[in-house]
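Open the model in your viewer and color it by chain.

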Amino acid sequence: MHEMSLAEGIVQLVEDAARADGCSKVKVIWLEIGQLAAVEIEALRFCFDAVTRDGIAAGARLEIIATPGQGWCMKCEGNVPVTALYEPCPVCGSYQIQVTGGSEMRVKEFEVE
Amino acid sequence: MTCGCGSGQTLIGGHALKQRRHAAGKVQYRVQDGLARFPHPSPLPEGEGVHVHEHSHDSIDFGTGPAGAHAPGMSQARMVKIERDILSKNDSYALENRTYLSEHGIFALNLVSSPGSGKTTLLVKSINALNGSLPLVVIEGDQQTDNDAARIRATGAPALQINTGKGCHLDAYMVGQAMQQLKLQDNSLLLIENVGNLVCPASFDLGEAHKVAILSVTEGEDKPLKYPDMFRASDLMLLNKCDLLPYLTFDANLAIENARRVNPNIQVIRISATSGEGMEEWLEWIKAGCRKAARTRNEPNP
């Protein structure tokens, strides 16, 4: 999907926070990306390199923390792992699943010099 | 392959969109976990010819870095914790839009689909069928051209075109700017036709009451499975061009079943802008939404 917009969003959040902090160089950025967030990580890295060029985060490394997809199966009345939005409940086969985790896209923290 | 969405070439009604950069939220600091787990080494017995770590004016402590130890080339970096959603800026603009809309009793729909599903034709027919019974405005999103807004204006309804340039979706900031340019009436209907794309617009909240996905029967029944995020984000699916079903092998029930696999709560209306099938149900759904928006209108505190 829209990895270029996401990369711009990341850089904006990080640059603003880094500037407020008075630091001059961002070295590593930790992101939390859920398994169900539909983010193509390699595309995100490519776009990230493009949008960070010449900025405070130029050359920064992206570290991705992948969070697993999780859901609440209404039939089983329990938490089940969800690997894709169109997959049935691995226990009972029902599609009545409410996704409860794995769609996050967050900048957790970053390392500055 | 990425879609190349970005800012920089966005036009609203032919005028360039101002670029925006705002300060982020609170910055918090975190003490490295590593520090607690790596105590300073205890002094070794004297006389063994080993450097003893101690704090004095002539010593440099390399043990305070993230690794709790020094490695060649590794500097003493510091962590800045921010914990913010990547889309948090968009979400804050969307909240502004939603607040404005609810204060004015405006029912807003975000219409999403792949290109060529018949969104604009459906809108034109819907506006004609409403026949002025409901005040409405339309925001049209496309990468280039003013064609769709011109088609809407031909019905007599006000329309504003947003050209996203490189971008493949509308975002809440663009829509907020467009809302300011359009004269929105209280207790009215705002129809936002997103850029034809079943992927990116799913993630960008515009402040609308509902996303409405339009799937035409000339596409595949498995589109909801191929693009699950969009059908999951939508509250209503319009199965469009149903007048063509006799000429196609498209299995409408299978398409609906697939949509419900990714979103058990999605409502479905079978519709045809050409034959008029389902139009009444769709317009009634819109009117019910407008009545609810007007009824639950949240007047701002003076």
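**Stop 1: where the chains meet**

Select the contact between the two chains: chain A puts in 34 residues and chain B puts in 37 residues. Bear in mind that this is a predicted model. Now keep the chain A side. Three elements of chain A each give two or more residues to the side that touches chain B: α1 (3-21), α2 (41-52) and β6 (105-112). Pick α1(A) from these. With 14 residues, α1(A) gives the most to this side.

**Stop 2: strands across the contact**

Next, select β6(A) together with β4 of chain B, residues 78-85. The two strands run antiparallel, and six bridges join them. Zoom in on A:V112. Which residue of β4(B) stands opposite A:V112? That is B:R78.

**Stop 3: chain B as a whole**

Chain B holds nine helices and 11 strands. It has 302 residues, and 39% of them count as buried. Now take the contacts in chain B with a separation of 6 or more: 75% of them come from residues 24 or more positions apart.

**Stop 4: one helix of chain B**

Select α8(B), residues 252-262. Show its buried residues: B:A255, B:N258, B:A259, B:R261 and B:V262. Look down the axis of α8(B). The buried residues fall within an arc of 155 degrees, so they line one face of the helix.

Terms used:
Residues numbered from 1 in each chain as written. Chains lettered and ligands numbered in written order. Predicted model: local features only at pLDDT ≥ 70, side-chain atom pairs only at ≥ 80, totals over all residues. Contact = placed C-beta atoms within 7 Å. Helix = DSSP H or I, 4+ residues; strand = E, 2+ residues; numbered from the N terminus. Pairing = 2+ DSSP bridges. Buried ≥ 20, exposed ≤ 12 C-beta atoms within 10 Å, placed from the backbone. Arc of directions from axis to C-beta.
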